[in-house]
Amino acid sequence: MSFDALMVLSFGGPEGPDDVRPFLENVTRGRGVPPERLDEVAEHYLHFGGVSPLNRLNQDIIAAVEAELKRWGIDMPVYFGNRNWHPLVEDTVARMAADGVHRALVLATSAYGGYSACRQYDEDIVRARTAFGDGAPDLVKLRQFFDHPLFVEAAADAVRGAYDELPPNTRDAARLVFTAHSIPTAADAAAGPAEGDGHRYSRQVAEASRLVAEAVGVPEFDVVWQSRSGPPQVPWLEPDIVDHLETVRAGGARAVVVCPIGFVSDHLEVIWDLDTEARQRAGELGMAFTRTATVGPDPRFAELVVELVREHTEGLPARKCSSLPAAGCTVNGEPCATGCCAPVRPRSS
Ligand SMILES: CC1=C(CCC(=O)O)c2cc3nc(cc4[nH]c(cc5[nH]c(cc1n2)c(C)c5CCC(=O)O)c(CCC(=O)O)c4C)C(CCC(=O)O)=C3C
Ligand SMILES: [Fe+2]
């Protein structure tokens with residue numbers, strides 16, 4: 001099938017101190033995130049001058065994908081739109097329509113299923129198309145890629161690189177720990193098709209972690225969570241990385257290699273929650289700490305994106321390393337299966 005364009009659809013992040021509050025309001029509208037948590041997160045952004053690294057990193061990804069498309073002789077402009085900050089997906093879809101785009105592919109910058117990682121990007125697509133009205137371009141979302149060999153290989157190389165950074169005398173006693181964004185346990189239970197048994201997000205994260213550890217040849221590792229939000233009485237996936245470091249130390253480790261397998265880019269939750277908080281906790285516990293690079297800047301990430309594009313334009317077979325479903329390919333934001341990854345709204349208190 002032919003497509004006129006590719007849109008990279010991401011989360012968005014503030015570009016300066018004055019953006020931080022309105023950005024956070026956009027992210028958390030109607031989601032029951034307590035104001036104290038918002039104050040805390042605003043501080044994290046302000047610590048970096050109110051600028052999230054995410055937008056620039058996405059621009060870098062776009063430049064690499066443009067070059068890779070060109071290398072394959074694929075003539076496809078790449079657009080950029082976000083859920084929560086400028087350029088907002090609504091504006092991008094309007095610009096695409098004005099440029100004469102009738103049908104486009106969409107890369108959501110998350111490898112996984114689940115409401116926040118997949119279905120919410122479908123909602124963004126619906127919102128943007130509805131805002132434009134008649135004549136909005138058709139938008140076909142690329143599938144989840146957590147077990148694509150290029151994703152796994154790029155992450156595995158990053159893990160190898162992180163081991164090399166550890167003081168040599170700690171390497172043999174280092175523990176490999178994978179992290180992904182925590183979500184409410186109810187959201188994880190609802191992840192996947194309505195008819196399925198849920199937990200699509202946590203299972204895919206565990207599977208990606210297993211594949212990467214296997215590629216590196218590390219037999220024992222942990223999968224934990226980070227960046228919990230929401231009110232304390234609502235259960236989220238646990239343990240948290242910072243708490244988990246104590247368990248790692250108690251197990252006799254002298255160093256920890258943390259791989260943020262849940263993310264494509266070194267965005268704020270990676271550089272704050274891992275490089276600042278987790279690193280500090282590891283130091284207090286007397287452990288060496290290294291955090292692996294995310295895969296976004298690796299040339300294999302752009303190769304992966306172009307492979308996903310070619311699955312649609314050339315019928316290229318989907319390469320996968322696991323037997324877990326890689327769903328999330330949707331048309332105009334319709335769920336990929338009945339009730340797939342339906343939102344679990346927090347009960348308002
Ligand atoms: C699964 C998942 C991903 C991975 C998939 C993907 O990448 O899409 C992800 C990515 C990201 N999350 C990000 C930032 C934030 N997430 C928040 C809040 C939340 N995240 C959630 C889940 C996820 N989040 C959830 C269930 C909430 C609770 C509120 C709600 O139900 O929506 C909040 C509110 C404050 C708080 O932390 O409480 C912020 C600021 C940024 C940008 C960082 C930057 O600016 O550099 C990125 C890439
Ligand atoms: Fe988040």
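**Close-up 1. Serine 52 is a buried residue in this predicted model.** Serine 52 has 24 C-beta neighbours inside 10 Å; the cut-off for a buried residue is 20 or more, so serine 52 counts as buried. Serine 52 sits in a loop. That loop runs between helix H2 (35-47) and helix H3 (54-71). Beyond its neighbours within four places in sequence, serine 52 contacts Gly13, Pro14, Tyr45, His267 and Leu268. The UniProt annotation "binding site", from an unreviewed entry, covers Ser52.

Close-up 2. Tyrosine 121 is part of helix H5, which spans residues 115-132. Its 25 C-beta neighbours inside 10 Å make tyrosine 121 buried.

**Close-up 3. Ligand 1 has 25 residues around it.** Gly13, Ser52, Ser229, His267 and Leu268 come nearest to ligand 1. Of these, Gly13, His267 and Leu268 are also in contact with serine 52. By class, the shell around ligand 1 holds ten nonpolar, twelve polar and three charged residues.

**Close-up 4. Helices and both domains contribute to the shell around ligand 1.** Helix H1 (17-28), H2, H5 and helix H10 (268-284) each supply at least two residues. H1 gives the most, with three residues. The shell also draws on domain 1 (5-145 + 298-313) and domain 2 (149-291). Each of these domains provides at least three residues.

**Close-up 5. The largest nonpolar core has 100 residues.** Val106, Phe151, Ala155, Val159, Val212, Val256 and Cys259 have the most contacts inside this core. Helix H6 (residues 149-165) gives the most to the core, with nine residues. Domain 1 (5-145 + 298-313) and domain 2 (149-291) both give residues to this core, so the core lies between them. In soluble globular proteins, nonpolar side chains tend to be buried together.

**Close-up 6. Cysteine 259 is among the core residues with the most contacts inside the largest nonpolar core.** Neighbours within four places in sequence are left aside in this view of its contacts. Cysteine 259 is then in contact with Ala155, Ala158, Val159, Leu176, Phe178, Val212 and Thr292. Ala155, Val159 and Val212, three of these partners, are likewise listed with the most contacts inside the core.

Note on methods:
Residues are numbered from 1 along each chain as its sequence is written. Chains are lettered from A and ligands numbered from 1 in the order in which they are written. This is a predicted model: local features need pLDDT of at least 70, side-chain atom pairs count only at pLDDT 80 or more; totals for chains, interfaces and linings use all residues. UniProt positions are given in the numbering used here, feature names are shortened, and annotations may be inferred rather than shown by experiment. Helices (H or I, at least four residues) and strands (E, at least two) are DSSP runs, numbered from the N terminus. A residue is buried if 20 or more other C-beta atoms lie within 10 Å of its own, exposed if 12 or fewer, and partly exposed in between; C-beta atoms are placed from the backbone. Two residues are in contact if their C-beta atoms, placed from the backbone, lie within 7 Å. A residue is near a molecule or strand if its C-beta atom, placed from the backbone, lies within 6 Å of it. Ala, Val, Leu, Ile, Met, Phe, Trp, Tyr, Cys and Pro count as nonpolar, Asp, Glu, Lys and Arg as charged, and the others, Gly among them, as polar. Domain bounds come from an automatic or database domain assignment. A nonpolar core is a set of buried Ala, Val, Leu, Ile, Met, Phe, Trp, Tyr and Cys residues joined through C-beta atoms within 7 Å.
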